[in-house]
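The sequence and the structure come first, and the description follows.

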Amino acid sequence: MSDWQQRVDAVWASAHELGDHEVIRRIDALAAERPAGDPIAIFERAGARDSAGLEAEAEPLYRQAIAGGLSGSERIQAHVQLASTIRNLGRPLEAIAMLDEIEPESGELRDAVVAFRALARVDAGDARLAASEALAALAPHLQRYRVSLAAYAAELAASA
């Protein structure tokens, strides 16, 4: 991990104590150290605004980071965070479509994709399908009741 990323991580680790505006200020200062258009720096700037509840400011930055070639885990994270932002801006169907598109390549972040899609489905008025998908994602993590929970999830999906 680079020194720059460690400093970014340190800001996030103390975000609760720093407060929203200070997090934005520090992340923006760190982003300014990177080359113009650096997708990781833009992604961090988007996240700082998103975390502060400034979704309208975060959305174009997430889009810019993705369009700028963000890759790896950060690319999946950016899609999840952008979808959450879009949902918070009142566009749950767009969020669902974005998460559907990224899910096949989400890997270890698949459960996060499913969870945020469930939130968007609730906002879109499809709570039964949201619950079904969330429970189906949770079931494999259980030591007990895995089979029962998976069956209930399938039952919910069939009635959605």
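Helix 6 covers residues 72–88, and its 17 residues should span 24 Å at 1.5 Å a residue; the end C-alpha atoms lie 25 Å apart, which agrees with that figure. The expected span of a helix is 1.5 Å times one less than its number of residues. Helices are DSSP runs of H or I with at least four residues, numbered from the N terminus.

The model is a predicted one, in which local features need pLDDT of at least 70 and side-chain atom pairs count only at pLDDT 80 or more, while totals for chains, interfaces and linings use all residues. Residues are numbered from 1 along each chain as its sequence is written, and side-chain values use heavy atoms, with hydrogens and water left out.

The buried residues of helix 6 are I76, A78, H79, V80, L82, A83, S84, T85, I86 and R87. Buried means under 20% relative accessible area, exposed means over 50%, and partly exposed lies in between (1.4 Å probe, protein chains only). The cover over these buried residues includes helix 4 (39–51), helix 5 (55–67), helix 7 (92–102) and helix 8 (110–123). Just after helix 6, G90 has a positive phi of about 90°.

**Helix pairs**

Axes are lines fitted to C-alpha atoms, for helices over the stretch in contact, and angles run from 0 to 180 degrees between N-to-C directions.

| Pair | Angle | Axis distance |
|---|---|---|
| Helix 4 and helix 5 | about 160° | 8 Å |
| Helix 5 and helix 6 | roughly 150° | within 9 Å |
| Helix 6 and helix 7 | about 165° | 7 Å |

Angles over 145 degrees count as roughly antiparallel. Helix 4 is therefore roughly antiparallel to helix 5, helix 5 to helix 6, and helix 6 to helix 7.

Helix 4 passes helix 5 in a left-handed crossing, meaning that the near helix is turned anticlockwise from the far one by less than a right angle. In this pair, P39, I42, F43, R45, A46, G47, R49 and D50 of helix 4 meet E55, E57, A58, L61, Y62, Q64 and A65 of helix 5. The contact comprises eight nonpolar, two polar and five charged residues. Here Ala, Val, Leu, Ile, Met, Phe, Trp, Tyr, Cys and Pro count as nonpolar, Asp, Glu, Lys and Arg as charged, and the others, Gly among them, as polar.

The crossing of helix 5 with helix 6 is left-handed. Contact (heavy atoms within 4.5 Å) is made by E55, E59, Y62, R63 and I66 of helix 5 with A78, H79, Q81, L82, T85, I86 and N88 of helix 6. Five of these residues are nonpolar, four polar and three charged.

Helix 6 also passes helix 7 in a left-handed crossing. On the helix 6 side the contact uses R75, I76, H79, V80, L82, A83, I86 and R87, and on the helix 7 side P92, E94, A95, M98, L99 and I102. Ten residues of this contact are nonpolar, one is polar and three are charged.

**Two residues in other helices**

R26 belongs to helix 3 (residues 20–31). With a relative accessible area of 33%, R26 is partly exposed. Leaving aside neighbours within four places in sequence, R26 is in contact with V11 and L18. R26 and W12 are 14 residues apart in sequence, with 9.8 Å between their C-alpha atoms.

L135 lies in helix 9 (residues 127–138) and counts as partly exposed at 25% relative accessibility. Beyond neighbours within four places in sequence, L135 is in contact with L149, A153 and L156. L135 and A150 are 15 residues apart in sequence and 7.0 Å apart from C-alpha to C-alpha.

Technical notes
Angles under 35 degrees count as roughly parallel, over 145 as roughly antiparallel, 65 to 115 as roughly perpendicular and the rest as oblique.
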